[in-house]
Amino acid sequence: MSTASVSFRPGAVLADLLPASRVRDIALVVGGAALTGLAAQISVPVPGSPVPVTGQTFAALLVGSAFGARRGFLSLALYAVVGMAGVPWFAGGTSGAGGASFGYVLGMLLAATVVGALARRGADRSVLRTAGSMVLGSAVVYAVGVPYLMAATGLSLSAAVAAGLVPFLIGDALKAALAMGALPAAWKLAGRRG
């Protein structure tokens, strides 16, 4: 009886465990966009804020970490473009680029790219490194989302921070905790720990 051993090139991400092909990459990109769209339907209104708590940020960061920067970017770009074209898969079944929370969608596109690049450097293989990656990814989302919220609503900086950042910090901490367990565990199950 023999056991199969999987070898990885340096800089592998979880998606690289699948056999390489264009079909794989297309399926991952479309699947990542669909996962983000589905997660966006988990939407809870926040009193006093035009931005709801959703699962899409978690999905975007998970897609970026698991797929790498290029496929993560393409997944979130597809999600954004298809949503702007009218598919109602943004938070709460909305679509289009005019909403107050669209800046967070753009931020997620960049965040998936950042965490994907970090994952290629092993940031998804330990609890502490995953935590750092998720915090940075969330910061990127807010760095784009809060200014967009200000521009779309006319809120001051302090009001935009109060409505578009502060209410979400606890949820982001919980999402990071989930990722801190899931990503390193996936690598451990794959027999590869960095």
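Colleague: What should helix H1 span at 1.5 Å a residue?

Modeller: The expected span of a helix is 1.5 Å times one less than its number of residues. Helix H1 (residues 22–40) has 19 residues and should therefore span 27 Å, which agrees with the 27 Å between its end C-alpha atoms. Helices (H or I, at least four residues) and strands (E, at least two) are DSSP runs, numbered from the N terminus. This is a predicted model, in which local features need pLDDT of at least 70 and side-chain atom pairs count only at pLDDT 80 or more, whereas totals for chains, interfaces and linings use all residues. Residues are numbered from 1 along each chain as its sequence is written, and side-chain values use heavy atoms, with hydrogens and water left out.

Colleague: Which residues of H1 are buried?

Modeller: An α-helix has 3.6 residues a turn, so residues three or four places apart point the same way. Buried means under 20% relative accessible area, with a 1.4 Å probe and protein chains only. In H1 the buried residues include Leu28, Val29, Gly32, Ala33, Thr36 and Gly37. The buried residues of H1 pack against strand S1 (43–44), strand S2 (53–54), H2 and helix H3 (69–84); contact here means heavy atoms within 4.5 Å.

Colleague: Is serine 126 buried or exposed?

Modeller: Serine 126 lies in the loop between helix H4 (102–120) and H5, and counts as buried because its relative accessible area is 17%. Its side chain makes a polar contact with the side chain of arginine 129, at 3.1 Å.

Colleague: Where is empty space left?

Modeller: Rolling a probe the size of a water molecule over the atoms shows where empty space is left. On a 1 Å grid over the protein atoms alone, a cavity is a set of points where a 1.4 Å probe fits but cannot get out, and a pocket is an open set with protein on both sides within 12 Å along at least five of seven lines; lining residues have an atom within 4 Å of a point.

Colleague: How much space lies in the largest pocket?

Modeller: The largest pocket holds about 330 Å³ of space. Of its 25 lining residues, Val51, Pro52, Gln56, Ser101 and Tyr104 are the closest to its centre. H4 gives the most to this lining, with four residues.

Notes
Buried < 20%, exposed > 50% of the residue type's maximum accessible area, 1.4 Å probe, protein only. Polar contact = N/O pair within 3.5 Å; in protein donor to acceptor, adjacent residues only side chain to side chain. Points joined across faces, edges and corners; volume = space filled by probe spheres on them.
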